[in-house]
Amino acid sequence: AVSGLPQRAIEVGISSEAALGRRFDRVKTRCRRVALVGESRSAGVFTYMWSHLMSALMLRREIAPNAALEDPDAFELLDLAERYLAKGEFELAVRVVNQLKGVPRRVASDW
């Protein structure tokens, strides 16, 4: 039975839902800060600083509960994942986070 588990889960253990929720809050903040960097691996320091500043100034839009998002940006995906977590829908939250692209995806990759 244990042989079917990933090695990392055997060595480190598995986080509880509460711990995943707390960790998401930190990951979401970091993802929002780099959301405007895009997919470039060669972005410079000023691009990261600009993204951090602009993310602090952006207003959050309220997404309707059953709205179909067409080409959602990182901010919308993070807000949607947060909504799913608040409802206890962890699998849906993970699916939404997996749709992130570029630097935000790399930031959230170990969540």
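What follows is a short chat about a predicted model of one protein chain.

Biologist: What are the ground rules for this model?
Modeller: It is a predicted model, so local features need pLDDT of at least 70 and side-chain atom pairs count only at pLDDT 80 or more, while totals for chains, interfaces and linings use all residues. Residues are numbered from 1 along each chain as its sequence is written, and side-chain values use heavy atoms, with hydrogens and water left out.

Biologist: How many helices and strands in the protein chain?
Modeller: Six helices and zero strands. The pattern along the sequence is α-α-α-α-α-α. Helices (H or I, at least four residues) and strands (E, at least two) are DSSP runs, numbered from the N terminus.

Biologist: What box do the C-alpha atoms fill?
Modeller: Roughly 50 × 35 × 25 Å, along the principal axes.

Biologist: And what share of the protein chain is buried?
Modeller: 29% of the 111 residues. Buried means under 20% relative accessible area, exposed over 50%, partly exposed in between (1.4 Å probe, protein chains only).

Biologist: Which residues have the most contacts inside the largest nonpolar core?
Modeller: Phe24, Val97, Leu100 and Trp111, in a core of 19 residues. α4 gives the most to this core, with eight residues. A nonpolar core here is a set of buried Ala, Val, Leu, Ile, Met, Phe, Trp, Tyr and Cys residues joined through side-chain atoms within 4.5 Å.

Biologist: What does phenylalanine 24 touch?
Modeller: Leu78, Ala81, Glu82, Leu85, Val97 and Trp111, not counting residues up to four places away in sequence. Contact means heavy atoms within 4.5 Å.

Biologist: How much of the contact set is between residues 24 or more positions apart?
Modeller: 48% of the contacts with a separation of 6 or more.

Biologist: What classes make up the lining of the largest pocket?
Modeller: Seven nonpolar, two polar and five charged. Ala, Val, Leu, Ile, Met, Phe, Trp, Tyr, Cys and Pro count as nonpolar, Asp, Glu, Lys and Arg as charged, and the others, Gly among them, as polar.

Biologist: And the volume of the second largest pocket?
Modeller: About 240 Å³. Of its 15 lining residues, Pro72, Asp73, Ala74, Leu77 and Lys101 are closest to the centre. α4 (74–86) and α6 (102–108) each give two or more residues to the lining.

Biologist: Now the loops. Where is aspartate 71?
Modeller: In the loop between α3 (45–57) and α4.

Biologist: Buried or exposed, aspartate 71?
Modeller: Aspartate 71 counts as exposed because its relative accessibility is 66%.

Biologist: And where is isoleucine 14?
Modeller: In the loop between α1 and α2. Isoleucine 14 has 73% relative accessibility, so it counts as exposed.

Technical notes
On a 1 Å grid over the protein atoms alone, a cavity is a set of points where a 1.4 Å probe fits but cannot get out, and a pocket is an open set with protein on both sides within 12 Å along at least five of seven lines; lining residues have an atom within 4 Å of a point. Grid points are joined across faces, edges and corners, and a volume is the space filled by probe spheres set on the points.
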